[in-house]
Amino acid sequence: MGLPTDDAVVIQKGKKPGEPEYVITVNCPDKTGLGCDICNTILDFGLYIIKGDVSTDGIWCYVILWVVPHASSPMVRWANLKERLLSVCPSCSVSFYLNQTSPPATSSPAYLLTFCSRDRRGLLHDVTQVLCELELTIQRVKVTTTPDGRVLDLFFITDNLELLHTKERQDEMYKQLHAVLGQSFSCELQLAGPQYDNVQCVSSLSPSVAEELFRCELSDNEFHTQALSPDMINLKRASVTIDNSMSPAHTLLQIGCVDHKGFLYDIMRTLKDCNILIAYGRFSPVNKGQRELDLFIRQKDGKKIVDPDKQDVLCSRLKLEMLHPLRVIITNRGPDTELLVANPVELSGKGRPSVFYDVTLAMKTLGICIFSAEIGRHCTSDHVWEVYRFLLEENYRFDMSCMVGRNRIVYKVRRTLMGW
């Protein structure tokens, strides 16, 4: 017999009248990386975590997060958010409670959405917004523009609701796409076949471009240009300290950094990939643009982190992931201008949510048309990366041949990705 699961996830409106605050409570069996999976889902729904607490005895976990919808994100379907959060929680069955194992996850089938329409500025983002609001996850995309001004797009998508095989769900998608694209729009949906496998990898990156995109450190100049505002340049870039004197059984990890969208996800993703267990954590509200986080952690074998080399590796990696969670550059691809965005993929295979949505939003805001787009994966010696490539049309507002014009585009894209 399974344990009750109705209250495993509870979402409530905040008690303060007039404030868009919601409280998410997760109460379920624990597993390594549960915090990362929860933060990934919350980020995917366009929510910003104000503060939070997490505690676990190694068997059962209790998480409470205060969240608000991000201004630029799609409409939040709260009932669907609860279902998604329940799906990442380990089974509440007695067998799991005793054995600490969970059944293997089953992957959702991929569908190929093909559509053709007249091109216009912001078209790609408008389509992306519809798909995101319907909780259709974009896995891969191939976008091309024909010489006669029409756009042919191939979206490889999965359905978070697992209902895309039904006529009702398909009709809902077609209706919302037609509302955005008009009568000149035509589309077709089918299960993805071998063509899905052919777009798993991005087309080859030159060694110089790969070196710039995947390098490990930000230069001082890059940090200054990517700061939230001039008055924040003097804030701590990133602070990570380890203390083994505060607890006989756990290592205290104290983290501070300039606030950004996905801050908690970036930390939890890194700890999950390093097989670090969290016993207790507190995520404090933002203070003058700064975020603080205290975590009591252990290694997977249950021991504290006392080896100085292991401490240095963990601290260095956390600093890098907080300062440089997304890579954004502009380069030349033949005669064209190409925007590249990359983010590390979790060891579980999950990519960062909402990247394609945010980049296309930035391009729409700047008034720049995207001539071609693709998403794929690229492997380096220490990471698998999700890479987004966009060929940009020339724009009279931006001189893409000079560094100033290119920096303006990079600046806007990065700020949008970071929630600034």
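Modeller: Take helix H4 (residues 123–133) and helix H11 (residues 355–366), which pack at an angle of about 145 degrees with their axes 8 Å apart. Bear in mind that this is a predicted model.

Colleague: Is the crossing of H4 and H11 left-handed or right-handed?

Modeller: H4 passes H11 in a left-handed crossing.

Colleague: Which residues of H4 and H11 meet?

Modeller: From H4 there are Leu124, His125, Asp126, Thr128, Gln129 and Cys132. On the H11 side they meet Phe356, Tyr357, Thr360, Leu361 and Lys364. By type, the residues of this contact divide into five nonpolar, four polar and two charged.

Colleague: OK, now the whole chain. How many helices and strands are there?

Modeller: The secondary structure comes to twelve helices and 16 strands. The chain has 420 residues, and buried ones make up 50% of them. Of the contacts with a separation of 6 or more, 70% are between residues 24 or more positions apart.

Colleague: What is the mean pLDDT of the chain?

Modeller: The mean is 83, and 84% of the residues reach 70 or more. Over residues 93–105, however, pLDDT stays under 50. The model has 16 contacts beyond four places in sequence for residues 93–105. Residues 220–235 are also below 50, with 24 contacts beyond near neighbours in sequence. Where pLDDT is low, the predicted coordinates should not be read in detail.

Colleague: Noted. Which residues have the most contacts inside the largest nonpolar core?

Modeller: Ile38, Ile255, Ile267, Leu271 and Leu295, in a core of 47 residues. Apart from that core lies another of 45 residues, including Leu124, Val127, Leu189 and Met363.

Colleague: And what is Leu271 in contact with?

Modeller: Leaving aside neighbours within four places in sequence, Leu271 contacts Leu253, Ile276, Ile278, Leu295, Leu314 and Leu318.

Colleague: Switching to helix H1. Why is H1 described as largely enclosed?

Modeller: H1 spans residues 34–44, and nine of its eleven residues are buried, so the rest of the structure largely encloses this helix. The buried ones are Leu34, Cys36, Asp37, Ile38, Cys39, Asn40, Thr41, Ile42 and Leu43.

Colleague: What covers the buried residues of H1?

Modeller: The cover includes S2, strand S3 (47–56), strand S4 (60–69), H2 and helix H9 (263–273). Just after H1, Gly46 takes a positive phi of about 75 degrees.

Colleague: A few single residues, then. Is Glu21 buried or exposed?

Modeller: Glu21 counts as buried because its relative accessibility is 18%, under the 20% cut-off. This residue is in the loop between strand S1 (9–13) and strand S2 (22–29). Beyond four places in sequence, Glu21 contacts Gln12, Lys13, Gly14, Ile50, Trp66, Val67 and Val68.

Colleague: And Ala79, buried or exposed?

Modeller: Ala79 is exposed, at 58% relative accessibility. It is found in helix H2 (residues 78–88). Ala79 and Ile11 are 68 residues apart in sequence and 8.7 Å apart in space, C-alpha to C-alpha.

Colleague: Last one: where does Lys319 lie?

Modeller: Lys319 lies in helix H10 (residues 308–323) and counts as partly exposed, at 34% relative accessibility. Not counting residues up to four places away in sequence, Lys319 touches Ala238 and Val240. Lys319 and Val240 are 79 residues apart in sequence, with 6.9 Å between their C-alpha atoms.

Technical notes:
Residues are numbered from 1 along each chain as its sequence is written. This is a predicted model: local features need pLDDT of at least 70, side-chain atom pairs count only at pLDDT 80 or more; totals for chains, interfaces and linings use all residues. Side-chain values use heavy atoms; hydrogens and water are left out. Axes are lines fitted to C-alpha atoms, for helices over the stretch in contact, and angles run from 0 to 180 degrees between N-to-C directions. Helices (H or I, at least four residues) and strands (E, at least two) are DSSP runs, numbered from the N terminus. A crossing is left-handed if the near helix is turned anticlockwise from the far one by less than a right angle, and right-handed if clockwise. Contact means heavy atoms within 4.5 Å. Ala, Val, Leu, Ile, Met, Phe, Trp, Tyr, Cys and Pro count as nonpolar, Asp, Glu, Lys and Arg as charged, and the others, Gly among them, as polar. Buried means under 20% relative accessible area, exposed over 50%, partly exposed in between (1.4 Å probe, protein chains only). A nonpolar core is a set of buried Ala, Val, Leu, Ile, Met, Phe, Trp, Tyr and Cys residues joined through side-chain atoms within 4.5 Å. pLDDT is the predictor's confidence in each residue, from 0 to 100.
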